[in-house]
Structures are given as C-alpha cells and as structure tokens.
Amino acid sequence: MSILKNSIVAISLLFITTGAIANEKPTRDIAQEEKNKTLVVNFYNDFFNKHQISKAINSLTEDYKQHNPYVPDGREAVVTYFSKFFKEHPQSSAQIIRTAVDGDLVWLHVHSKENEKDLGKAVLDIFRVKDGKIVEHWDIIQNVPATAANSNTMF
C-alpha cells in the first residue's frame, strides 16, 4: 500500500510542478522592446517617407533576411530594389497607423501610397531585431479598394 501511496504523491507533485512551469511567462524587457520599436519606426520613416536610404540602411544587418518574395535578401539588395522604386515613385509615402512590439518582433500597420491620388495599400510589416539592428522582415499587403462591402476602414 505504501508504494501506491508514494506513487500517488509523486504523480500529484509532477502535475503540480508541470502546471506551474506551463503557467510561467517569460519576463519581458520593456525598455529593450521600446528600443526595438524606436529603431524600426525611425528606420521606416527615414527609408519609406524621407527616402534617406543611405541613413536608413545602417539599421539593417548586411545579411538582412527578407520574406517578401519580390525583394531579395541582403542590405545591398534592399538598397538596389528601393532606389529604383523611389525613382519611379518619388511621392511615395508610408503612414504608420499603429505599432506593437513583443520581444524582438516589431509590428507596423501602415497605409502605403505611391502618390497623393493613390488609394494605397494596407500593410502589416513585421521586423525582427537583434543586437540593435533589423535582421529580418515579413509583410502582408492588401490593396485599398475604391468601395467596400462594409463601412469599416482598413485603418
């Protein structure tokens, strides 16, 4: 009977310990998250709104990884791609509507336009930051339609 009692006690302790571990949340470094967000927002404004490519690219690592299938990997590839884009669309802008950050990931909800008359695109950009540099990027892009099936905005 003592073996059964010891087994029940051991199993109970295992469940209690496992539950406590599963409920633990990693400690967030809010100050670092704010630095990450500031880095990304400053990069975005310098790059996409001011078109200050040479200043902005210092925020990217040389081996910057790009998940947009139309833009190659690497800092120099981004410079080449967007230099051409900015020449073709000198009035392009990207208004940051909202931001969010969690650890090393920074999200931007953006209204991107090629010019004043353009309805634009709703963009969700996600950046990963490491050691004070942007190392990786994902995006989701959706055209803003002239008419919508509801009265909600995309922003």
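What share of the contacts in the chain with a separation of 6 or more comes from residues 24 or more positions apart? Such residues account for 45% of these contacts, where contact means heavy atoms within 4.5 Å.

The model is predicted: local features need pLDDT of at least 70, side-chain atom pairs count only at pLDDT 80 or more, and totals for chains, interfaces and linings use all residues. Residues are numbered from 1 along each chain as its sequence is written, and side-chain values use heavy atoms, with hydrogens and water left out.

**The whole chain**

Begin with the chain in a cartoon view, where four helices and five strands are found. Helices (H or I, at least four residues) and strands (E, at least two) are DSSP runs, numbered from the N terminus. Followed from the N terminus, the elements run α-α-α-β-α-β-β-β-β.

Next, display the surface. The accessible surface of the chain is about 10,500 Å², and carbon and sulfur atoms hold 56% of this area; the areas come from the Shrake-Rupley method with a 1.4 Å probe, and for residues only the protein chains shown count as cover. Of the 155 residues, 30% count as buried. Buried means under 20% relative accessible area, exposed means over 50%, and partly exposed lies in between (1.4 Å probe, protein chains only).

**The nonpolar core**

Select Phe-43, Phe-47, Phe-48, Phe-127 and Ile-134. Within the largest nonpolar core, which has 25 residues, these touch the most other members. A nonpolar core is a set of buried Ala, Val, Leu, Ile, Met, Phe, Trp, Tyr and Cys residues joined through side-chain atoms within 4.5 Å. Elements that each supply at least two residues of this core include α2 (30–49), α4 (75–88), β2 (93–102) and β4 (121–130). The largest share, six residues, comes from α2. In soluble globular proteins, nonpolar side chains tend to be buried together.

Now centre the view on Phe-48. Apart from neighbours within four places in sequence, Phe-48 is in contact with Phe-43, Phe-82, Phe-86, Ser-92, Ser-93 and Ala-94.

**Salt bridges**

A salt bridge is a side-chain nitrogen of Lys or Arg within 4 Å of a carboxyl oxygen of Asp or Glu; by this rule there are seven. Select Asp-102 and Arg-28, which form one of them, with the closest N and O atoms 3.8 Å apart. Asp-102 lies in strand β2 and Arg-28 in the loop between α1 (2–23) and α2, so this pair ties together parts that are 74 residues apart in sequence. Asp-102 is partly exposed, at 41% relative accessible area, and Arg-28 is partly exposed as well, at 46%.

Move on to Asp-46, which counts as buried at 10% relative accessibility. Lys-50 forms a salt bridge with Asp-46, the closest N and O atoms being 3.5 Å apart. A salt bridge also joins the side chains of Lys-55 and Asp-46 (3.7 Å, N to O), and Lys-55 is partly exposed, with a relative accessible area of 49%. Elsewhere, salt bridges that share partners join Arg-28, Glu-33 and Asp-102 into one network.

**Two loop residues**

Which loop holds His-51? His-51 lies in the loop between α2 and α3, and its phi is near 55°, a positive value in a residue other than glycine. Most residues other than glycine have a negative phi.

Asp-131 has a positive phi of about 50° although it is not a glycine, and at 74% relative accessibility Asp-131 counts as exposed.
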